[in-house]
There are 2 protein chains.
Amino acid sequence: MHSSELQTPALVVDAAALDYNLTTMAAALPGARLRPHVKAHKTTALAARQAAHGHLGFTCATVREVEGLAAAGLGADLLLANEVVDARRLGAVVATGSRVTVAVDSDETVDAAVAGGVREVVIDVNVGLPRCGCDPSDAGRLADLARRKGLGVRGVMGYEGHAVGLPEHDVRQQLCAQAMELLLTAHRDVGGDVISAGGTGTYDMNTWANEIQAGSYALMDTAYAKLDLPFVQALFVWSTVISVSPAFAVADCGLKSLGMDHGNPSVANGSVWFCSDEHTTIGFETPVQVGDRVKVVPAHIDPTIAYHERMHLVSAERVIETWPVDLRGW
Amino acid sequence: MHSSELQTPALVVDAAALDYNLTTMAAALPGARLRPHVKAHKTTALAARQAAHGHLGFTCATVREVEGLAAAGLGADLLLANEVVDARRLGAVVATGSRVTVAVDSDETVDAAVAGGVREVVIDVNVGLPRCGCDPSDAGRLADLARRKGLGVRGVMGYEGHAVGLPEHDVRQQLCAQAMELLLTAHRDVGGDVISAGGTGTYDMNTWANEIQAGSYALMDTAYAKLDLPFVQALFVWSTVISVSPAFAVADCGLKSLGMDHGNPSVANGSVWFCSDEHTTIGFETPVQVGDRVKVVPAHIDPTIAYHERMHLVSAERVIETWPVDLRGW
């Protein structure tokens, strides 16, 4: 199919850009040094590409992501880097032979892992982002508790999410170092082989963790594009101009096809005025006509992709593959 | 099922609140005076409730909404209040016997309606919101063009979206009046029976339109709750506390279960610090524990609902119905 035949709004991946990003990352963090986070793309077909680049372990944020990767034969080493209160569905995945490790940060989540049939955990440590993770000083106690209850404790994880998006390299590096100092302190009390952390913004400076959980690098967005990263924009929301007025035009994508928490999306030849449910009003610098195609760059890919049923891989104006975004939901 | 068994994050509708909202609106705008907009809820089962309250015509924003309502037997009078460049799928719906009217605001969209097999249109008029709609002075020409090309022109529509959310009643009313003056001017040139406009924020003051396109009134959100409206909050994202720290706790809903363009969601007994992909960090006023249920109120329901596969109707802590959000996508 010619890409101009795509019904809009459509999630479109530039095949060459994706390949460039995957290759660049695999050279920087080969094999198990990267544990790609699938929450950004939620697409097993894209995870299979990452596996083909040598990364056989994956990071997940939801039970469904774990289930979907396992069902797709990508369950060699799945880390659910998130706390769950009901782990029964994870135990069912373990029972099929996949390796599933879950993050715990409290007595309750340790109990949930045991009750749910999960056999391995990592201790999730708060390294500065006010979100999940135990106090570093509590990590050893939790590891002991987990081991007493029969769980294998593979190590620690701690996400420096307060650092990954900072535009200044030096500040980002300094905050990353401080966060990882906390994680290594906890690791001394916990033990195990795994020190899991990091994201796209710190992939090259987090030398303390032994596996990096980056995910956005594969497709990129305007938020990460502000940083000094070697990855290129690979994901676009293609839309169609449906209305033209003297000062602006309207494209048929909006709040239900774009994640908005990082602000408005961008277009190459104009400025986005605002988005409505199914519209984006754009002041174009050059004249456009009803029916023209507009490539919109999302500000934040993760919540953008979660709106779409499929993404189309495009090369030389041909749709070469269409992948279901099959890991959506919970 | 007891509602405490719902897997989270879950979209939950308070059955009594929904019924109150539907009844209140049906009393204010009975029958065809309301053409409920389904874009807010994207759920044919809820549209069927609105039909049971006497509203047999519906407003849609996407082709899929039109297709879904028609397939569900709710196609007596469907208005696609949006411009489309490719109307072939709409023509297919018309061919099955449903009545489909599409908005046009340009020569190109008139041509698309003709080419796509749509038989009836309304002229979409820009009444002040910089989005779709022709200049009021061009409406008569477009209506003539459409009629010459064999289309039935049912009248006009014009959405005062720049007014509906304004908190001050008088200012809202004044802007609504100015907008509807433009719409009536256009209607004098266009003719036809339909003068379609309005939203939840202007449902009681827009006395110029003869049908109101309100949709949010059924479920409500925190943005509309700031206005002086009689409707009550009926939609919640139920989540589970998965992590507790001394100053905050974390619930398992986030950017992929909440539309964020109107800002953070709210909770009754705390303040939302921020949302991440699958987390909301909350400073609670009273202690919470891992496993506690949190009812989160979305700031904007439309893009919130579009993330969810289903919504659960709950009454007296029982899940009495589960409805697929079957009109998602495009």
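In this predicted model, helix α3 (residues 63-71) of chain A packs against helix α4 (residues 88-95) of chain A at an angle of about 15 degrees, and their axes are 10 Å apart. Because angles under 35 degrees count as roughly parallel, α3(A) is roughly parallel to α4(A). The crossing of α3(A) and α4(A) is left-handed. On the α3(A) side, the contact is made by V63(A), V66(A), E67(A) and A70(A); α4(A) contributes R89(A), L90(A) and V93(A). By class, this contact of α3(A) with α4(A) has five nonpolar residues, two charged ones and no polar ones.

Two of these helix residues lead on to a strand. V66(A) and L90(A) are both in contact with L80(A), a residue of strand β3 (residues 77-80) of chain A. Leaving aside neighbours within four places in sequence, L80(A) is also in contact with C60(A), V100(A), V102(A) and A103(A). The C-alpha atoms of L80(A) and T101(A) are separated by 6.1 Å, although the two residues are 21 apart along the chain. L80(A) has 25 other C-beta atoms within 10 Å and is therefore buried, since the cut-off for a buried residue is 20 or more.

At the level of domains, chain A is divided into domain 1 (3-11 + 232-324) and domain 2 (15-215). Taken over C-alpha atoms, the centres of domain 1 and domain 2 of chain A are separated by 32 Å. Where the domains of chain A meet, 13 residues of domain 1 are in contact with 13 residues of domain 2. On the domain 1 side, α9 (301-305), β15 (310-315) and β16 (318-324) of chain A each supply at least two residues. The largest share of that side, four residues, comes from β15(A). The residues on the domain 1 side divide into ten nonpolar, two polar and one charged.

The remaining contact is between chains. It takes 45 residues from chain A and 45 residues from chain B. On the side of chain A that touches chain B, α5 (107-116), β9 (235-244), β12 (270-275) and α9 of chain A each supply at least two residues. Of these elements, β9(A) gives the most, with four residues. The residues of chain A on this side divide into 19 nonpolar, 15 polar and eleven charged. Helix α9 of chain A supplies at least two residues to the side of domain 1 that touches domain 2, and at least two to the side of chain A that touches chain B.

Conventions. Residues are numbered from 1 along each chain as its sequence is written. Chains are lettered from A and ligands numbered from 1 in the order in which they are written. This is a predicted model: local features need pLDDT of at least 70, side-chain atom pairs count only at pLDDT 80 or more; totals for chains, interfaces and linings use all residues. A residue is buried if 20 or more other C-beta atoms lie within 10 Å of its own, exposed if 12 or fewer, and partly exposed in between; C-beta atoms are placed from the backbone. Two residues are in contact if their C-beta atoms, placed from the backbone, lie within 7 Å. Domain bounds come from an automatic or database domain assignment. Ala, Val, Leu, Ile, Met, Phe, Trp, Tyr, Cys and Pro count as nonpolar, Asp, Glu, Lys and Arg as charged, and the others, Gly among them, as polar. Axes are lines fitted to C-alpha atoms, for helices over the stretch in contact, and angles run from 0 to 180 degrees between N-to-C directions. Angles under 35 degrees count as roughly parallel, over 145 as roughly antiparallel, 65 to 115 as roughly perpendicular and the rest as oblique. A crossing is left-handed if the near helix is turned anticlockwise from the far one by less than a right angle, and right-handed if clockwise.
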